[in-house]
Amino acid sequence: MGKSAAVWDQRSELEIARDWNGIEQVVLRVPRGASAKVRFDSLLLPISLFPFQVSLHGGQVISWKNERGEELLFTSSKAIFKPPKAMRGGIPICFPQFGNCGSLEQHGFARNKVWSIDDDPPTLHSNDSNGKVFVDLLLKPMEDDLKCWPHCFEFRLRVSLSMDGNLTLISRIRNINGKPFSFSIAYHTYFSVSNISEVRVEGLETLDYLDNLCQRERFTEQGDAITFESEVDRIYLGTPNVVAVLDHEKKRTFVIRKEGLPDMVVWNPWEKKSKSMLDLGDDEYKQMLCVDAAAIERPITLKTGEEWTGRLEISAVPSSYCSDHFDQLLQGVM
């Protein structure tokens with residue numbers, strides 16, 4: 001584990017342990033006493049403060065908890081935790097393709113590959129390091145990947161947690177090929193909710209969207225907020241940099257802030273589709289909602305040596321606070 005894997009200080013405590021599968025863990029603890037884990041096939045590197053867990057299979061955040069130990073991300077009870085199958089839940093990374101609109105497997109190959117710890121990542125802005133615990137991951141194509149997608153790239157991912165529990169993912173994708181290539185990307189975030197019928201999404205009103213249930217036909221959102229009474233599978237276009245997911249029953253709001261990701265996917269499979277999915281319980285659609293920061297409609301093109309950066313930050317706040325300040329949040333002001 002390199003020096004970039006976490007913010008070290010003399011009060012941190014290192015412990016090596018094993019989970020119930022016998023997989024090794026490295027636990028980092030700080031004075032608050034909380035901890036979390038970063039998993040890579042045979043090694044788990046837990047990171048401190050509000051717990052979160054990242055799997056190096058897919059570079060996927062699979063757990064994020066608040067200071068009360070409540071899980072904020074949904075994971076299916078039927079999720080398959082065995083490579084090469086992607087796990088149903090958390091935050092899978094869809095790259096270099098979203099969905100099945102292309103020659104690659106559904107949502108691309110990044111979520112099915114084993115990432116590595118990046119021991120010496122290029123420098124990020126100090127705001128993305130100071131006062132945070134973080135881990136840097138790296139994905140490079142293998143020979144088999146180049147057969148189906150013949151482009152050389154470096155995909156660097158930093159996953160960090162701030163002192164107040166905000167979760168941030170920063171992706172940096174560089175073209176180290178001899179020719180330009182284009183890609184789509186999405187952070188396919190599964191939020192844990194009390195009941196999908198008690199949830200609404202604000203910030204996407206009046207926007208155009210592509211409806212995946214209607215062969216990506218283009219429509220305009222007519223509601224004051226997005227609510228859920230049946231299956232929804234949409235790609236909203238030209239979205240603002242701040243969107244909110246409000247859970248009335250839990251009185252909790254997820255505030256999503258993003259940069260470099262103009263689109264936003266909203267998805268819930270509802271009852272009929274859930275029953276056809278082997279890795280999702282029949283009624284689990286009620287406890288989940290996917291809201292993905294993404295770049296899909298206009299794929300990103302990189303020339304040789306060029307690098308693209310995308311950023312996602314998620315916070316969980318009381319809904320009463322958010323309702324009082326949402327106008328400011330939409331303007332990026334706190």
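**Checking the labels**

Mentor: Start with Q215, which lies in the loop between β15 (208-211) and β16 (217-220). Strands are DSSP runs of E with at least two residues, helices are H or I runs of at least four, and both are numbered from the N terminus. This is a predicted model, so local features need pLDDT of at least 70 and side-chain atom pairs 80 or more, while totals for chains, interfaces and linings use all residues. Residues are numbered from 1 along each chain as its sequence is written, and side-chain values use heavy atoms, with hydrogens and water left out.

Trainee: Why is Q215 called exposed?

Mentor: Its relative accessible area is 72%, and exposed means over 50%, buried under 20%, partly exposed in between (1.4 Å probe, protein chains only). So Q215 makes the exposed class. Its phi is positive too, near 55°, in a residue that isn't glycine.

Trainee: What is the phi of K251?

Mentor: About 55°, positive again in a residue that isn't a glycine. K251 sits in the loop between β18 (242-247) and β19, and at 60% relative accessibility it counts as exposed.

Trainee: And R252: why does that one count as buried?

Mentor: Its relative accessibility is 9%, so R252 falls in the buried class. R252 belongs to strand β19 (residues 252-259).

Trainee: What makes the link between the side chains of R252 and E70 a polar contact?

Mentor: The distance is 2.9 Å. A polar contact needs a pair of N or O atoms within 3.5 Å; within protein, one must be able to donate a hydrogen and the other to accept it, and residues adjacent in sequence count only if both atoms are side-chain atoms. So the R252 and E70 side chains qualify. Leaving out residues up to four places away in sequence, R252 also touches others, including L72, S192 and V317; contact here means heavy atoms within 4.5 Å.

Trainee: Which side chain does D118 meet in a polar contact?

Mentor: R156, at 2.7 Å. D118 is in the loop between β8 and β9 (132-139), and its relative accessible area of 5% makes it buried.

Trainee: How do you know that β10 is largely enclosed by the rest of the structure?

Mentor: All 10 of the 10 residues in β10 (residues 153-162) are buried, so the strand is largely enclosed. Side chains in a regular strand alternate between the two faces of the sheet. In β10, one side carries F153, F155, L157, V159 and L161, the other E154, R156, R158, S160 and S162, and both faces are covered.

Trainee: What makes β10 and β11 a pair?

Mentor: They share 9 bridges in the antiparallel sense, and pairing takes at least two DSSP bridges, so they pass. F155 stands opposite I173 in β11. Between those strands is a hairpin with 4 residues, where G165 takes a positive phi near 90°. On the other pairing of β10, 8 bridges join it to β9, antiparallel, with L139 opposite F155.

Trainee: Where does β11 go from there, and what is the strand order of the open sheet?

Mentor: The 8 strands run β8-β9-β10-β11-β22-β19-β18-β14, with antiparallel pairing. β8 (116-117) and β14 (199-202) are at the edges with a single partner each, so one side of each lacks a neighbour in the sheet. β11 (residues 167-175) is joined to β22 (residues 307-318) by 8 bridges, and I173 has W308 as its bridge partner in β22.

Trainee: Why is P84 called exposed?

Mentor: Relative accessibility of P84 is 62%, so it counts as exposed. P84 lies in the loop between β6 (60-64) and β7 (93-94). Setting aside neighbours within four places in sequence, it is in contact with H57 and N112.

Trainee: Last one: what makes the peptide bond between F95 and P96 cis?

Mentor: Its omega is about 0°. P96 is in the loop between β7 and β8.
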